[in-house]
Amino acid sequence: MSNYFISAGIELKDGASLEEAETGLRKLAEQTQGEPGCLLFEIRQNLQEPGKFTLWECWTDKQALAEHFEADHTRAYLARDLTEVNYIEELGEIGRSSAKSAA
């Protein structure tokens with residue numbers, strides 16, 4: 001069984017405090033890294049557009065990620081309504097795309 005990798009892009013919502021978002025995201029990353037099933041959870045900030053962030057995540061499986069969204073610290077961050085998700089992409093090894101394997 002292979003690990004489950006995703007990348008996500010999030011952006012500061014109109015009127016939200018960048019400083020609050022940065023603090024909240026740092027805390028979210030720290031708490032998430034201790035979750036069962038979390039192998040990697042990093043958040044990087046766009047240098048040209050500081051209100052945009054990229055999340056790099058690796059989980060043992062999709063269920064571990066689903067449980068992340070039920071964790072108290074994740075719910076608390078999301079309830080603050082500081083950022084919104086622009087995209088989520090599932091990632092895999094080069095040459096192992098689902099489109100290729102379906103052909």
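Which element gives the most to the lining of the largest pocket? I noted that this is a predicted model, where local features need pLDDT of at least 70, side-chain atom pairs count only at pLDDT 80 or more, and totals for chains, interfaces and linings use all residues. Residues are numbered from 1 along each chain as its sequence is written, and side-chain values use heavy atoms, without hydrogens and water.

**Pocket.** I looked up the lining and found that β4 gives the most, with four residues. Strands are DSSP runs (E, at least two residues) and helices likewise (H or I, at least four), numbered from the N terminus. A pocket is an open set of points on a 1 Å grid over the protein atoms alone, where a 1.4 Å probe fits, with protein on both sides within 12 Å along at least five of seven lines; lining residues have an atom within 4 Å of a point. Ile10, Leu55, Phe69, Leu78 and Val85 are the closest to the centre of the largest pocket, out of 20 lining residues.

**Core.** I then turned to the largest nonpolar core, which has 19 residues. Such a core is a set of buried Ala, Val, Leu, Ile, Met, Phe, Trp, Tyr and Cys residues joined through side-chain atoms within 4.5 Å. β1 supplies the largest share, five residues.

**Cysteines.** I searched the whole structure for disulfides (cysteine sulfur pairs within 2.5 Å) and found zero. Cys38 is in none, and the nearest cysteine sulfur, that of Cys58, is 8.1 Å away, too far for a bond. Cys58 is buried at 4% relative accessibility (buried is under 20% relative accessible area, with a 1.4 Å probe and protein chains only). Cys38 is buried too, at 11%.

Key. Buried means under 20% relative accessible area, exposed over 50%, partly exposed in between (1.4 Å probe, protein chains only).
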